[in-house]
Amino acid sequence: MNSDIKHEQLKKWINEVAELCQPDQVHWCDGTKSEYDQLMNFAVQHQMATPLKKRANSFLFRSHPSDVARLESRTYISTTNKEDAGPTNIWLDPVELKSIMSKLYTGCMRGRTLYVIPFSMGPVQSPIAKIGIEITDSPYVVCNMHIMTRVGTEVLKKLGTNGEYIPCLHSIGSPLSPGQKDSSWPCAPLEDKYISHFPEENLIWSYGSGYGGNALLGKKCLALRIASAMAKREGWMAEHMLILRLTNPQGKIFHIAAAFPSACGKTNLAMLTPVIPGWKAECIGDDIAWIKLASDGKPYAINPEYGFFGVAPGTSYESNSSAMDSIKENVIFTNCALTDDGDIWWEGMDGEVPNHVIDWKGNDWTRGNKEPAAHANARFTAPARQCPVICPDWEKVEGVPIDIFIFGGRRASVVPLVHEAYNWDHGVFLGATASSETTAANIGAVGNLRRDPFAMQPFCGYNMGDYFQHWLDMGDRMGKNAPKIFYVNWFRKNAEGKWLWPGFGDNSRVLKWMCERVEGKTGAVETPIGYMPRPEDLDLSGLNLSPEFLTELLRVDPVAWQTEAADVEKNHFVKFGNRLPKRLTQQLDALKKRLGV
Ligand code: OXD
Ligand code: MN
């Protein structure tokens, strides 16, 4: 036990966990580079990681084929009353769940080291930041946490003798007997994996998986599920949102926070290169926003993370040059392919498809192979400071004032390029009814349409009906300072299945319209679903977009929207019973009336 630790309650918790999990040793992480290097050396020596010849201080890991993404089907919100977890979460009674998991945790770290990771979500001195302590037996998790959060002694100093922290217990669930050879990605079988949250006591217990959000507990578990429940209790917001600064040619600054489901282009939008002359975009965060009202009544957001855990396939200089420049060195790659000259590769990267690589399963792969070489949810973990368009204010302790909220998802049809809410309640309705086709970020079927309210379906740590009410309450508190709300769909297709909108840098054209709406400088038409730009309101200069494509992008089909409204009523809102705020039912009624239903 580290004798510098003065926090008695923390020491007691570590001792209790060590007694239960029975590791060979306990290591308190200090967050230094030498600690990172030692752990990476260990991972390389034990054939868990491959150093990349072509990228300085960068490593490739290959996970077990069963452990490749978040596992919503094994993610639990465990509250005393089932209703408090709500219809979008899987609930288990806390006593029962703790009993199951305590059995699994017993002796689970035998033959391994228990690492204690003190971390801060948000700049350590930010009044919006929160401290977590993750216990893990995975060196891979420690190294990723070094990049994704602020780890180390500074955090322990802030914690002092009795500071508040969120305990996050993680084990890969794979003890070693004496002399047993370890595997390159130890983890537990699916039926023993649990990603559990106890929001009433701000507690996280995760067992059996070593991958991403299942194991890097600062991210989805703390910064979204537990934080959303804390935010509700404490009157702030924890959202699945990127944060972006846009500066117009006159030097006016706008801050945008945008929520999209996993693997729907948040990182690309967060780092976009505007195609319209004179506009500048800077990235503050690509996944999570914590937002508090300041004394001026405005909502201020921080990015609680310190790095990017981005989806690799599809990332290229063409789609996101800033992401590519962020991953030149000091990066952990997971489930990417390895080229013969010691670099990584994935589908959708610039240049020629290589003749030969080692695929994410460790097998030879040659061009033309039907199976992808990189897993669809392969990831890069990179320090945010390496992003060439990181905003100079990204670590501002008070955050940045938000002017615009955006919701969206992947919809091949029905949903137009952009529409604007009539008012705050209507905006909350747009967030509450957001929908998207599912992606590989979660283990499960890909391409199915599902409602993903506020892109928080997998991440809201309490009853989603109460979460809708929280958004309404926050709007009431913000009043005239409430940001304008928009809904976008970059993914609409024509009858032949072709994308109608180029996306990426061209999305700046849509953002420009939003900023001009905030300034009251541009027009819009009223449609049944909200305000929309007329073709002439969008800056389309230099874009070779056919008039038919533009018409289709901005088309509102009343019959299709009647079907949407009926789906919201019969299959979505009905799930929330008496937890559904009346103000949202009124919004649905108003939509139906505008549609002539
Ligand atoms: C992520 C996700 O990793 O949303 O950000 O799955
Ligand atoms: Mn995400």
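**Entry 1, ground rules.** I number residues from 1 along each chain as its sequence is written, letter chains from A and number ligands from 1 in the order in which they are written. Because the model is predicted, local features need pLDDT of at least 70 and side-chain atom pairs count only at pLDDT 80 or more, while totals for chains, interfaces and linings use all residues; side-chain values use heavy atoms, with hydrogens and water left out.

I looked up rings of Phe, Tyr and Trp (its six-membered ring), which pair if their centres lie within 6.5 Å; planes under 30 degrees apart count as stacked, over 60 as edge-to-face and the rest as tilted. The count by this rule is 28 aromatic pairs. I took Tyr 105 and Tyr 207, whose ring centres are 5.5 Å apart with planes at 80 degrees, so this pair is edge-to-face. Tyr 105 is in helix 4 (residues 94-105) and Tyr 207 in strand 10 (residues 203-207), so the pair ties together parts 102 residues apart in sequence. Helices (H or I, at least four residues) and strands (E, at least two) are DSSP runs, numbered from the N terminus.

I then checked burial, where buried means under 20% relative accessible area, exposed over 50%, and partly exposed in between (1.4 Å probe, protein chains only). Tyr 105 has 0% relative accessibility and counts as buried; Tyr 207, at 6%, counts as buried too.

Next I looked up Phe 407 and Phe 454, with ring centres 5.0 Å apart and planes at 75 degrees, so the pair is edge-to-face. Phe 407 lies in strand 25 (residues 404-408) and Phe 454 in the loop between strand 28 (449-451) and helix 12 (464-478), so the pair ties together parts 47 residues apart in sequence. Phe 454 has a relative accessible area of 1% and is buried. Phi of Phe 454 is near 55 degrees, a positive value in a residue other than glycine. I also find Phe 454 in one aromatic cluster whose members include Phe 407, Trp 424 and Trp 471.

I found the manganese ion (ligand 2) coordinated by Lys 220 (NZ), His 240 (NE2) and Asp 287 (OD), at 2.2 Å. Donors are N, O and S atoms within 2.8 Å of the metal (3.2 Å for Na, K and Ca); water is not among the atoms, so sites may look incomplete. The donor residues are spaced K-x19-H-x46-D in sequence. Lys 220 is buried, at a relative accessible area of 5%, and His 240 is buried at 1%. Lys 220 also lies over the face of Phe 459, at 4.3 Å from the ring centre. For this, NZ of Lys or CZ of Arg must be within 6 Å of the ring centre and within 35 degrees of the ring normal.

Gln 47 lies in the loop between helix 2 and strand 2 (49-51). Its phi is near 55 degrees, a positive value in a residue other than glycine. Gln 47 is exposed, with a relative accessible area of 55%.

Leu 92 is in the loop between helix 3 (82-85) and helix 4, and counts as buried at 18% relative accessibility. Leaving aside neighbours within four places in sequence, I list its contacts (heavy atoms within 4.5 Å) as Tyr 76, Ile 77, Ser 78, Thr 79 and Leu 97.
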